[in-house]
Amino acid sequence: MTLQEIKQNVFKEISEAKDIKNLEEIRIKYLGRKGLLTNILKSLKDLSLEKRKELGPLANELKKEIENALKDKKEFLITNANFRPLDLSLPGKKISLGHLHPFTNLEKQINEIFAQMGFEIVESNETETEYYNFDALNIPADHPARDMWDTFWLKEKYLNKQKYLLRTHTSPVQIHYMEKHEPPFRIVSPGKVYRYEAIDASHDIQFHQLECLVVDENINFSNFKFIVLSFFQQLFSKEIKIQFVPSYFPFVEPGVQINISCPKCNGKGCSLCKNSGWLEIAGAGMVHPKVFEYVGYNPKQWQGFAFGLGLERIAMIKYNIPDIRLFNSGDLRFIKQF
Amino acid sequence: MKFSYNWLKEYLPKLPAPQKLADELTLKSFEVEKIEKVKNDIVLDINLPPNRFSDSSGHLGLAREISAVLNIPLKLPKFNLIEDKNEKASNFVQIKIQNKNDCLRYSSRVIFDVKIKESPKWLKERLESCGIQSINNVVDATNYIMLLTGQPLHAFDYDKLTGNKIKTIVVRRAKNKEKITTLDEKTFELNPNILLIADLKNPLAIAGIKGGKIAEIDNNTKRIVLEGANFEPALIRKASKQLGFNTDASLRFERALSSILTEEALNYVASLIQKIAGGKILKGIVDIFSQKISKKVLGFNFEKFYHFLGFSIDKKTIENSFKRLGFKIVKKDKDNLFVEIPFQRIDIERFEDLAEEILRLYDYNKAPALPPIGLVKPINISENIIFRNKIKNILHSCGLDEIRTYSFVSKNDLENFGINPQNSVELENPISNDFGFLQPTLLINLIKTVNLNLRFFDEVRIFEIDKTFQKAPVKPLEEWRIAIALANKNKKDDELFFELKGIIESLAEANNCPDIEFLETPIKWFVKNRSAKIEYDNIELGYIGQITPALTHKYSEGFSIVVCELDLEKLLKLSEEEYEFTPLPKYPAVIRDISILVDWDVKLSEILNVIYESEPKILFDVDLFDVYEGKSLPENKKSLSFHLIFQAENHTLTSEEVGKSLEKIISNLKEKFNAEIR
């Protein structure tokens, strides 16, 4: 191709270029290492001096013009980029994520709330000895309070001759932790617990609890109320109110049942709270001095509170789940909703 | 426990309406579970805590409690006791207690010349409200006084007891295989764990539980012996559990009653019987009271109380509350009160119990909520929890759904999986055979869950993170595991296998152990040649495999399921190792691609070994980028394509160096596998 021919073609091609890629192809075609104009420039050295003097400036001039045209066109293309309109109503390309069990997020949320309030998060065994599940919590053998916890017992005896059971509550964590640590501390411990019960829409043989224990020289009843209130307000909403009513658990004194104002109707009364405006949510109290004695703390020096709550109950309230059996069902029609 | 509203109203003239009463009681004393109309009465069903039976399981005690918490006046009932002046009860009855620890007190009264008949209407109605059937006037009177005072009572027919004039009542343990038939015609075979009331010959009653047929009050009964006793609570509880027999009496005895109650209750019941059945009450109570109780006085320090509460309650209010509860203030000074506890309040043992009394009368809900002071220290979150959440997020991002299932499996499940039930943790009292053992592996419930969901979905991709349980010498061994299962009705099982392998590799890479190995190992649950142990650095992390059709068919129609189970804590340990930086290469890499054709059963791992061994120095990495088996190839052959990446640490490679190396690799591949280079 002669310079003349190049000149005739290249500017037409540049003006017709549709996009940057196209433009780059044109650049390579003429100005690339083996480009048409590059070849002419390379061949100049083989020409006679005269010819060289005639063609040289022309070729170099053309090169500059092409470069400028490319640059202008590039700028034009960038500022006037033109795309084909899309049908935005078409579905997105599916990238499949799984679904976490509703508890996983709930546990995470609860743990975060407590972590922010300076609580340590600890765990313990699900198989437990009679001593930790009952005796050390001031529930001696043959005490009628044991009827409050229907228990699964394990068949085998182990080396330490202790009778083993599936823990009926997370409270044994209190004893394990206190045996190994000195106050002051604040802990929570989530975990699975078991009860020998008939399974129905509101009872299961296996469920989750969260145990909370705070021990310090100055921790008092008003602090206990503050932590409980702060927790439920962060978990549900600032509007939540709490109510303490007398209750009995041998490992606390005074023992209370914690009610929260129904988050669904704000305490006005609805089907969830059976028109009472309140929901029973936790058992709690100030740590019984006998429990401190069991773990070798001086009850004259230390004070504390503890509470235990059922996670299933919270999840059922929070996500409007009517049947406790769904949690352990493995039914993906349930799981995939979360 | 059922309480009659009308009855309470007799002692509490200012008693509020039932619903209001129930609300107040629930807020300050006991939870009222139900309010029910029974004929002309209202019945409150109250959930009485076990430690309050001694003072509140009778209408009188509950009325006392209500009077205290509502601050309304209490009008006590009057019983007029008229004893015979001449005949002494002790001339007709004597009591022998074999072991003082079994029976803390045994009190008795004797009444002669009673006339057994139907009870008056008012009495029948009271019993009916509280769910007790009317029998006759004497038996009803004992039940009525129990409902009034909380003290169970019993009446024997004096003339049916062995002995002439003086009848001996013995409180003793039953002999082995001794038998008794109770009033409700049930016969029990007893043993020495069970306490009996007997005469010199026959058992008369199972102590604290139920009276026997032998000395039953009948229409011809003229002379009666009344029992008001106090038994060791644990003994009664054990006996009642062993016999599977609960009664109104055992319910009260096993929760512990004050031994002070027997005397008052006997006086009341004697007086009532005389009123409705006539007769003369012999003089005196025959009373064996082996462990007399003394007055209990507790100190109450105001400062300590305020320290416990975090706020203060006016001293006058405190003093007043004690008075309302019937706690006598026997001494006081500037800082302390000394409070005498009524005998029946056996639940009050220490300062904290007094604090509870004051606080509930004050109202828990009037207490302020105050932020705690002190304790600033870094918090610790169980690394296991953090790690589990991390794994869950990774698997969730891999498109898996998280499930949770029971920790239980059945014996049948274990046998299906070829696990010896002897080695698994068994429950003593399972709820049913389906829940007889704790799971030794997560796979059993995982496979069941896959099959459940294949009824609704073509594809199931699930995981569970949970504990497994194994027998161990010292205590049951609990292990956290991760289990994953993939099933897809429309995919080839080969594809599923490699999908799961890929997920495990991603999981390993995200936990700082990228070079995990899959070592083909036969495992009985899995299809032959489709199972592997998963190892890292010679540590066994778990296994992967395709479940055998024989096993899946036990749970479903038998779609292919690929599963893995990993030890969470081992993985956690590995992931804790710190990352270490490797310097970036200084000299450029040279990449050459080769494709080889080999027999279909030649393993990739063998080929890679040959390639790496052929060039130990400058071959930096080998990357398989294509595997092809198919029409355009000869039968039983597959084509594998690799990027070979050459790099040296100390110089730029020349094309001769690389060419030489490549030649060596190719010639070795030809030699070892008869490979054809394409």
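Colleague: In which loop of chain A is the place of N266(A)?

Modeller: This is a predicted model. Phi of N266(A) is near 55 degrees, a positive value in a residue that is not glycine. As to its place in chain A, N266(A) sits in the loop between β7 and β8 (278–287).

Colleague: Is N266(A) buried, partly exposed or exposed?

Modeller: A residue is buried at 20 or more other C-beta atoms within 10 Å and exposed at 12 or fewer. N266(A) has 14 other C-beta atoms within 10 Å, so N266(A) is partly exposed.

Colleague: What is the phi of N138(A), and where in chain A does N138(A) lie?

Modeller: N138(A) is in the loop between α6 (130–133) and β3 (164–166) of chain A. N138(A) counts as partly exposed because it has 19 C-beta neighbours inside 10 Å, and the limit for buried is 20 or more. Its phi is positive although the residue is other than glycine, with a value near 65 degrees.

Colleague: Which residues does the cis peptide bond with omega of about -5 degrees join?

Modeller: P254(A) is found in strand β7 of chain A. The cis bond with omega of about -5 degrees joins P254(A) to E253(A).

Colleague: What is omega for the cis peptide bond between P183(A) and P184(A)?

Modeller: P184(A) belongs to the loop between α7 (172–180) and β4 (185–194) of chain A. The cis bond joins P184(A) to P183(A), and omega is about 0 degrees.

Colleague: In what order do the seven strands of the open sheet in chain A stand?

Modeller: The edge strands of this sheet are β1 and β6 of chain A, each of which pairs on one side only. The pairing in the sheet is mixed, and the order is β1-β4-β5-β9-β8-β7-β6.

Colleague: Which residue is the bridge partner of L210(A) in β9(A)?

Modeller: β5(A) pairs with strand β9 (residues 303–310) of chain A in the antiparallel sense, over eight bridges. In β9(A), L210(A) has as its bridge partner L309(A).

Colleague: What is the radius of gyration of chain A?

Modeller: Chain A has eleven helices and nine strands. The globule rule gives 20 Å for 338 residues, and the radius of gyration is well over that, so chain A is more spread out than a compact globule. Along the principal axes, its C-alpha atoms fill a box of roughly 120 × 45 × 45 Å. The radius of gyration of chain A is 38 Å.

Colleague: How far apart do the C-alpha centres of the two domains of chain A lie?

Modeller: The domain assignment gives domain 1 as 3–79 and domain 2 as 102–335 of chain A. The C-alpha centres of domain 1 and domain 2 of chain A are separated by 81 Å.

Colleague: What share of the residues of chain A count as buried?

Modeller: Among contacts in chain A with a separation of 6 or more, 65% are between residues 24 or more positions apart. Of the 338 residues of chain A, the share that count as buried is 39%.

Colleague: Which element gives the most to the side of chain A that touches chain B?

Modeller: In the contact between the chains, 66 residues of chain A meet 77 residues of chain B. Elements that each supply at least two residues of that side of chain A include α5 (102–116), β5 (206–216) and α8 (221–235). By class, the side has 33 nonpolar, 19 polar and 14 charged residues. With six residues, the element that gives the most is α8(A).

Colleague: Which residues is V474(B) in contact with, leaving aside its neighbours within four places in sequence?

Modeller: V474(B) is in the loop between β23 (459–470) and β24 (477–488) of chain B. It counts as exposed because it has 8 C-beta neighbours inside 10 Å. Leaving aside its neighbours within four places in sequence, V474(B) is in contact with Y158(A), L159(A) and N160(A).

Colleague: Why is one side of β1 and of β2 of chain B left without a neighbour in the sheet?

Modeller: The open sheet has three strands in the order β1-β3-β2 (chain B), with antiparallel pairing. One side of each is without a neighbour because β1 (2–4) and β2 (31–38) of chain B stand at the edges, each with a single partner strand.

Definitions and conventions: Residues numbered from 1 in each chain as written. Chains lettered and ligands numbered in written order. Predicted model: local features only at pLDDT ≥ 70, side-chain atom pairs only at ≥ 80, totals over all residues. Pairing = 2+ DSSP bridges. Helix = DSSP H or I, 4+ residues; strand = E, 2+ residues; numbered from the N terminus. Rg over C-alpha atoms; globule rule 2.2 N^0.38 Å. Contact = placed C-beta atoms within 7 Å. Domains from an automatic or database assignment. Nonpolar A, V, L, I, M, F, W, Y, C, P; charged D, E, K, R; others polar.
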